[in-house]
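Hi there,

Here is the structure I promised to pass along. Please have a look, and my notes come after it.

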Amino acid sequence: MKWETVIGLEIHVQLNTKSKIFSSALTKYGKKPNSQACAIDLGLPGVLPVLNVEAVNKAIRFGVAINAHINKRNIFDRKNYFYPDLPKGYQISQMDWPIIGKGKIEIILGNQTKVICITRAHLEEDAGKSIHDMFDDNTAIDLNRAGIPLLEIVSEPDMRSAKEAVAYTKKIHTLVQYIDICDGNMQEGSFRCDANISIRPKGQKELGTRAELKNINSFKFLERAINFEVKRQKDILEEGEKVVQETRLYDSIKNETRSMRLKEETNDYRYFPDPDLLPIEISNELLEKVKQTLPELPDQRKTRFVVELGLSEYDADVLTSQKSLADYFEVMLEDNIVNIKLCANWVMGELSAALNKHQIDIQNSPITAPALSLLISRISDDTISVKTAKDVFKYMWDSKNSADEIIKVRGLKQMTNMVEIEVIIEQVIANSTLQVSQFKLGNNKILGFFIGKIMELTGGKVNPKQVNELLRKKLL
Ligand SMILES: Nc1ncnc2c1ncn2[C@@H]1O[C@H](COP(=O)(O)OP(=O)(O)OP(=O)(O)O)[C@@H](O)[C@H]1O
Ligand SMILES: [Mg+2]
Ligand SMILES: [Mg+2]
C-alpha cells in the first residue's frame, strides 16, 4: 500500500519579555530554582493576574508579519488539568478566541514553493519544570518558568514529509528572531515544537489517527522523530492493527518515540473563560503602530539581496536565514560594495565554517565584519592571493590583528615584480623537460604541475591568473 504522511505542528515560541505574562516576576534563564516565581505564578489564593502588554504586542507583531487575521477582541481561557508543575490546577491559555487567526507561511524546498496554512496562534503561560535528578528518589519543582509568555502557533495538517516540517519550523524560527519576539534559543527551550503525525492510504481524504510528539527542541531531532514515527505507524497499519491517539516522547539517544499518555480530548480540559482577566481589545491605532515598527522581514530582505545586490536565490536564502548573519554581511558591504559576491562567499564559506567549528555565534566572531571586509579588499586589489588570504584569515582569527598588519609582518604580499616571476617560471620550465614535452603533445592538465611548482617556489605569493598567462606564453 502507498501511504501518505500528514503532519501538523504546534510551535511554542517563548516571547522575550522582561517579566512574565501575568506577573512582574522576571523571566531570565538559568536562575536559581524558584527565585523568579511570585505568588501569582504559584496561584496562591487571593492573587489576581495582571496582563503584560508587551506579550500582547509581540503576539500582534507575529500576526502582522505573516499577514494573518488578528482577532481584535480575544479571550483568555482556563485549561484545567492536574500536573505537579502547574500549581493553579489550570493553565491560562486561549481556546475559542485566540489573538491570531488564520494565516499562511510559504516554504521553499528545492525549487518548489509550498504554502502551509496557520490555523491560529494563541497566547498562554508556560508551566513549571519537574526536576528528577537532584534529590535522590524525590522530584523537585522549579516554578521559574511558570508564567513565562508563550505564543503557540498551530498549523493546519498541511505538511507531507519531515523535510517540509523542518523547512516550516526553520522559517518561523528565523521570522520570530527577525521581529524580535523570541531569542530563538532552542537548547534553552525558548523555541520548541510538538509534531502531530498520522499516515493514510494515498488518495484517501480523511485523516488518519495522529500521535503527538512533545517538546522537540532541535531541527535534527524533529526530522528524525518524524521519520521514526512514520515508520512505526506504517508497520502498525500494515500488520492490520490500529494507531492509537496518544502523546509520545522522542528519545534522541535511542532515536525512537515512546508512549507517554493517551491524548486528552479538548473537552477533557473543561475550558472556560478566565473570570480574572478581561478580554484583550486591540485598537486600530495599536495595529497601525505595530505595522510601522516592523523591521524588514526575512523574505523581503532575501528579495532585496537578489534584486539589488545581484546574489543568487541560494546565497540570498542562506545569508538571510539568520538575522545576525545578514546583518554581518551588510556591515561588510559598507566598505566593500564592489565585492558583493566575494563577501558573500567568505561569510558563507570560511567564516561560517570557523564559527561552526568553534561553536561561536556570529555576534561574537573574533573577526569583525569590517576586518573581514578589509581582507577581501586585499584579495580584490591583488595584494594577496585567495590561497594566502585563507592563511591570513586563520592568523586574524587567532590574533585579532588586522589583515594589513599580518600581511606586512609576515611578508605575505604578492610578488608584483614581473621580472622576478618570469625568472622563476623559466627555472621551473628548464627543470621539467618531460612535463614540457607532455604539454606540447596536448596534455593541458599538466599545467597544474607547473603552477604547483611555481607556487611552491614563491610560497604562494604570486597571482595565479598572472602566472597562468605567463606560463602559457613561455611554454608555447
Ligand atoms: N490526523 C492528523 N494528523 C496529523 N496532524 C493532525 C491531525 N489532526 C490534527 N493535526 C494537527 O494537530 C495539531 C493540533 O493542535 P491543537 O493545538 O489544535 O490541539 P491539541 O494538540 O489537541 O491540543 P494541545 O494544545 O492541548 O496539545 C494541529 O497542528 C493540527 O494540524
Ligand atoms: Mg496546541
Ligand atoms: Mg497539541
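First, the ground rules. This is a predicted model, in which local features need pLDDT of at least 70 and side-chain atom pairs count only at pLDDT 80 or more, while totals for chains, interfaces and linings use all residues. Residues are numbered from 1 along each chain as its sequence is written, chains are lettered from A and ligands numbered from 1 in the order in which they are written, and side-chain values use heavy atoms, with hydrogens and water left out.

Ligand 1 has 19 residues around it, of which Lys79, Ser155, Ser198, Gly208 and Arg210 come nearest (a residue counts if one of its heavy atoms lies within 4 Å). Strand β1 (3-14) is among those that supply at least two residues of this shell, and β1 gives the most, with four (strands are DSSP runs of E, at least two residues, numbered from the N terminus).

Glutamate 125 belongs to strand β6 (residues 112-125). Glutamate 125 is buried, at 6% relative accessible area (buried means under 20%, with a 1.4 Å probe and protein chains only). Its contacts beyond four places in sequence include Ile21, Phe22 and Tyr90 (heavy atoms within 4.5 Å).

Best wishes

Terms used:
Buried means under 20% relative accessible area, exposed over 50%, partly exposed in between (1.4 Å probe, protein chains only).
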